[in-house]
Amino acid sequence: MIDLSFNDFCSAEFSLFGKNPIIKNFSGSFTAADPSVITPENSHDGLWHLFCHTFFGVYHFSGENGVDFSLDKKIVSRAMRPNINRIGGIYYLFYERTKPLLGNALSLVGGKWKSEIFVTASEDLVHWSKPFPVIKKTRGFDADGRGQSISNPFLIKMGDAYRLYYSCGLTFIKDCGFCEPTYINFAESKNITDSYISRESPIISPNKCNPYLNLCSGCIKVYRLRDCFIALQNGIYEKGGKSHSAIMLLRSDDGVKFDFVKPLIEPCESGGGWMAQYVYACCLTYCNGELRVYFNARNTSNILRGRECIGFARAYPNIAEGSRTR
């Protein structure tokens, strides 16, 4: 739980870090994307740890201040969209497992996409278990003529159970030339790594009447505050004849039905235009009184000129007198 009330969080005014992006595309990939972060108080060594993906797999970075990160190593290939958790002294890295690289490339020219959710575990972030499947099939709306996609895992604890939010389905984004997730759903289990049962219908679907969700649903990250749940969701939307993505703030009493609150981080020309058209998947941290939203962004939809990098926005919530739990 993040020890803030909803009003505390909403009082926070996020501003972009002045030296963004903090991680640029690397290792021959056009993409450094989908950051997932462990803060020092939750790590075994008192460091910040960031996981992200490129075309070639999921990579691990570490650093002392959450700004200056050094690349440690690639953790796993055939992997995208990581979510790192530390539970009971064990790190669990959930991710979207894809076809081999050639199979992914063929999906861009008519081949069918296929992805599932896998997990690998570690005690020290150095030695990792053999990856194994967590969700390979859901309720049917994860597949269509373009293939099957189960992606963007995000785990939270719900009482004595675990809830794994995920994206599914494929919507082709014409000006990008690739697909983005159509729906958002979740599955629940008493065990961290297996026996997940998916909800029968999506919790978020595209909505032509919502200006930030009129193409497809993107992904969601859900956090428990003292008095409610919040979610950071990046819907994909059409505006002015082009596709875009922005991070929205949502609120929920049960983590199932979410209401739109406001845009949190939108595309802009700041810092050389690295986030000019898309602000994508994110990770929220709260450390030493500072909120940070790490996210990846893309400069343009053009498939040849498009680059995705990672940066963050930060805020300092104004906590009302007497509102903090004692």
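A salt bridge is here a side-chain nitrogen of Lys or Arg within 4 Å of a carboxyl oxygen of Asp or Glu. By this criterion, a search of the whole structure, which is a predicted model, finds 13 salt bridges.

**Figure 1. Salt bridges of Glu-290 with Arg-292 and Arg-314.** The side chains of Glu-290 and Arg-292 form a salt bridge with an N to O distance of 2.5 Å. Both of these residues are buried. Glu-290 also forms a salt bridge with Arg-314, in which the closest N and O atoms are 3.8 Å apart. Because Glu-290 belongs to strand E23 (residues 290–298) and Arg-314 to strand E24 (residues 308–315), this pair ties together parts that are 24 residues apart in sequence. The relative accessibility of Glu-290 is 9%, so the residue counts as buried. Arg-314, in contrast, is partly exposed, with a relative accessible area of 28%.

**Figure 2. Salt bridge between Glu-308 and Arg-298.** The side chains of Glu-308 and Arg-298 meet in a salt bridge at 3.3 Å, N to O. Glu-308 is part of strand E24 and Arg-298 is part of strand E23, so the contact ties together parts that are 10 residues apart in sequence. Buried residues are those under 20% relative accessible area. Glu-308 therefore counts as buried at 9% relative accessibility, and Arg-298 likewise counts as buried at 5%.

**Figure 3. Salt-bridge network of Asp-3, Asp-8 and Arg-226.** The view shows three residues, Asp-3, Asp-8 and Arg-226, which are linked in a network of salt bridges.

**Figure 4. Open sheet with the strand order E12-E13-E16-E17.** The four strands of this open sheet pair in the antiparallel sense. E12 and E17 stand at the edges with a single partner strand each, and therefore one side of each has no neighbour in the sheet. The antiparallel pairing of E16 and E17 extends over two bridges. Ala-187 has Ser-198, in E17, as its bridge partner.

Figure 5. Leu-125 is a residue other than glycine, yet its phi has a positive value, near 65 degrees. Leu-125 is located in the loop between strand E8 (113–122) and strand E9 (132–135). With a relative accessibility of 3%, Leu-125 counts as buried. Ser-195, also a residue other than glycine, has a positive phi near 60 degrees. The loop that holds Ser-195 runs between strand E16 (183–189) and strand E17 (197–198).

**Figure 6. The cis peptide bond from Asn-20 to Pro-21.** The bond that joins Asn-20 to Pro-21 is cis, and its omega is near -10 degrees. Pro-21 is found in the loop between strand E1 (15–16) and strand E2.

**Figure 7. Lining of the second largest pocket.** This pocket holds about 810 Å³ of space. The lining comprises 25 residues, of which Met-1, Asn-42, Asn-85, Leu-155 and Tyr-223 are the closest to the centre of the pocket. At least two lining residues come from each of strands E2 (33–38), E6 (79–87), E12 (150–158), E18 (216–224) and E22 (278–287). E6 gives the most to this lining, with five residues. By class, the lining of the second largest pocket has 15 nonpolar, six polar and four charged residues.

**Figure 8. Lining of the largest cavity.** The structure holds one cavity of 30 Å³ or more, and the space in the largest cavity is about 30 Å³. Its lining is made up of Ser-36, Pro-82, Asn-83, Pro-153, Phe-154, Lys-221, Tyr-223, Cys-282 and Cys-283. Strands E6, E12, E18 and E22 each supply at least two of the residues that line the largest cavity. By class, this lining divides into six nonpolar residues, two polar residues and one charged residue. Tyr-223 lines the largest cavity and is also among the residues closest to the centre of the second largest pocket.

Note on methods:
Residues numbered from 1 in each chain as written. Predicted model: local features only at pLDDT ≥ 70, side-chain atom pairs only at ≥ 80, totals over all residues. Heavy atoms only, no water. 1 Å grid on protein atoms, 1.4 Å probe; cavity = no way out; pocket = protein on both sides within 12 Å on 5 of 7 lines; lining within 4 Å. Points joined across faces, edges and corners; volume = space filled by probe spheres on them. Nonpolar A, V, L, I, M, F, W, Y, C, P; charged D, E, K, R; others polar. Buried < 20%, exposed > 50% of the residue type's maximum accessible area, 1.4 Å probe, protein only. Pairing = 2+ DSSP bridges.
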